[in-house]
Amino acid sequence: MSSISVRGVVKRFPNGFEALKGIEAEIQPGSFTVVLGPSGAGKSTLLRLMNGLESPTRGEVRIGDEIVDTHKLRQIRSKVAMVFQQFNLVDRLSVVTNVLTGRLAQRSWVGSVFYLFRKEDMGIVQEALARVGLTDKAWNRADKLSGGQQQRVGIARALAQQPKAILADEPVASLDPVSSEEIMALLREICDRDGITVVVNLHQVELARRFADRIIGMNSGKIVFDGRPEQMTQSVLRTIYQREGIEDDNSLDMALAYA
Amino acid sequence: MSIHDLRPVRSQDLPPKPHNPVPVWVMATLAALWLILWDLEISFEALAYGVEDMGEYFSRYGQPDFSNLSRYLELMGITLATALWGTVFALLVAFFLAPLAARNFTPNPQAYRIAREILNFMRAMPDLLLALIFVAALGLGPLPGALALGVHTAGFLGKFFAESLERVDKGVCEGVASTGANFPQMIMYAGWPSILREAMGYVLYILDRNVRMASVLGLVGAGGIGLALHDTLRLFDYGQSAALILVILATILIIDYASAWLRGRLG
Amino acid sequence: MTTVSTWRWPTPSGWLPLPLVGGVLVLICALWLTAPMVEVDFVRLIGSLGKMTAFAGQMFVAPDWNYVPQLLAKMLETIEMTILGTAIAIVLSLPMGILAARNATPHIVVYRVTRDALSLMRALPELVWALVFVSAVGLGPLPGVMALAFVTVGFMGKFFAESIEVVDQKAVEGVRAHGAGWLQVRLFAMLPQALPDFVGTVMYILDHNLRAAAILGLVGAGGIGYDLVMSMRLFQYDRLLLIALAIYLVVTLLDRASDRLRSRIIHGRQA
């Protein structure tokens, strides 16, 4: 099991926007971490640095003791899986084939280019689908499923990679409250049973409180809170969610009361 | 606010009318067209006389002579086969070049530029020129025609495929990429499945186009029915020419309907 | 052998789906059966590779610079034919488009006849029409322009008709409610709505017609086509190279220009 370490990371985009302004964090193996914060805080960017979808302008990100480097992406991604807000499944392909893409890092192009997989891969897929409870939908086309089901396929795909860590970028933002519960519970269960490190981006405070071991609060590219859910008081929440320049915001407190 | 606070509103002048470039463009285009007419020495008199003559001329095609029908049908069959082979060849070449020519899939910028240039080159060369070259190398017959069609339309198909690939949803690509897939795997899982419908539409369109072009490639000795038409027209045999044109027309219309129907089934 | 049992396809049966296998088999059969008709002979192909490279080598001789003025004149003629033919076609296809649109045509019979006529005009390649027109009005760029215009009307007429058929009825009702006559309704309510896709289509047509115009000369209908074929037949490779280069340059320039124009329009509309 690997830890994820972020050291002195600054990320500036080509248009000048500085999404991350110096991040230091160490994620323990097997832990369930939630990154909380308003839109534009840099949560997505932080997660995407961890599997190489973005590269830091300064500083480094490590998985275990390997630096996340554009030349070693295949290696890194065989250890780190990602679950997306928009599910990002290939619509035309069946659920099984989508989950099988999780095995691509382990297979050279020779068989996989012809959609040929080994029996072990099919076994791993079967297990993953059973884990997320979608065995009966195995041969359906991915776009014919509901949002919650599609996200479960996304999680099954991540499981098929047999990763050390799963990153979930706003996995429930497009789902209804019941499905959101299911997905978060599923992620928590995977973390507990398999000891996989899970890092989740959320903007729902309640979900964060209920499922996380550790909450990292971000605002405007900086970490403003790092601790246990119990330590997240009202004033901490205000710090996380305040917009720049607005110190005392009644409406913010109101909104947070309902979050 | 009381009624005494109301003041009469001064009507303001409308802002100056924005400069409308359209009339300038229209005048420029008309001027250019006039110049062209003059340069090409196209006189409306010739056309007017021609129209009269043309009425009489087209009436000569009134009695199609189907005496050679079986031979014409055979030639048409060869033409169709030429188009098929050309299209399949184009499909194979485009299948391998298009992913390299798609900005979001290509493994490196050099490969992208080279693939794009190759596709552009294949598109730019008229099939006729290619057919001439292949006839010089392979001799007369339908094979050089098939090759010429194949190379030329590979350029089109490749460009169409590449543009479709570039429109694949970024999220889908990231989804597959995040599993650690390499270039060939990305293409086969995130690329082709996402554009399958469009791609098949393009292939049918190109097949349609190739049937038309195959009919005329015969004019340069690349086999098929074009040569027969050239000969009958040269001998002023309007009856046979009419028959030939009708055979070509009928075939093209059938292929058109079939491909439109197939494309309807796909869409 | 363990290979059969270890590899699987992602289908319930583990094998490829039947429609896919069927389709591919049909295609292979079709190719197999037609191979002798097309005289496909891989041996001959490979053998001729040598000839083709030798030929390509022959092409790279010192160009015939004396030919350049004539080349430029002929290329200009080709471009002019393209522009003129396309312009005439656009003008002529406006009324045709109105007649061939179900919601704008004066009578259902007119609609049917026009649609079929447009279909016929589109069906044959430009070269065939050029052959016929040369036979009718003689050699020169005129039959070439006619052939290009003819086929383009077939295409543009259908395009306009389809655009008119999807216009927003509310705008039409609005204009009609103000007392607009038959022609005015079509000119002021229907056509303007059909115009936005117009530019993209025109660029595509110009692109296609330029390539077509380049070969019409083969049958004496003007443009660079005649020189192209003759230089080949007379083994004048020093000219052929220049001609091929000229065609390549002009076609590519138009391609780039139309790409840029198209992206300007797409982004312009979003701005």
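How far apart do the C-alpha centres of domain 1 of chain C and domain 2 of chain C lie? In this predicted model, the separation of the two centres is 36 Å. Domain 1 of chain C covers residues 5–59, and domain 2 covers residues 65–267; these bounds come from an automatic or database domain assignment.

The model is predicted, so that local features need pLDDT of at least 70 and side-chain atom pairs count only at pLDDT 80 or more, whereas totals for chains, interfaces and linings use all residues. Residues are numbered from 1 along each chain as its sequence is written, while chains are lettered from A and ligands numbered from 1 in the order in which they are written.

Chain B takes part in a contact with chain C to which chain C contributes 42 residues and chain B 48 residues, two residues being in contact if their C-beta atoms, placed from the backbone, lie within 7 Å. On the side of chain C that touches chain B, at least two residues each are supplied by several helices, including α4 (68–99), α7 (141–165) and α12 (237–270) of chain C. Helices (H or I, at least four residues) and strands (E, at least two) are DSSP runs, numbered from the N terminus. By class, this side of chain C comprises 31 nonpolar, 4 polar and 7 charged residues. Here Ala, Val, Leu, Ile, Met, Phe, Trp, Tyr, Cys and Pro count as nonpolar, Asp, Glu, Lys and Arg as charged, and the others, Gly among them, as polar.

The contact between chains A and B draws 24 residues from chain A and 18 residues from chain B. On the chain A side, two or more residues are given by each of α2 (73–79), β6 (80–83) and α4 (109–112) of chain A. The largest share, 4 residues, comes from α2(A). This side of chain A has 12 nonpolar, 8 polar and 4 charged residues.

Chain A also holds an open sheet of 4 strands in the order β2-β1-β4-β5, with antiparallel pairing; two strands pair if DSSP finds at least two bridges between them. Strands β2 (18–27) and β5 (66–67) of chain A form the edges, each pairing on one side only. Within the sheet, β1 (residues 4–12) and β4 (residues 58–63) of chain A are joined over 5 bridges in the antiparallel sense. The bridge partner of R7(A) in β4(A) is E60(A).

Leaving aside neighbours within four places in sequence, L157(B) is in contact with A90(B), L91(B), A94(B), Y202(B), V203(B) and I206(B).
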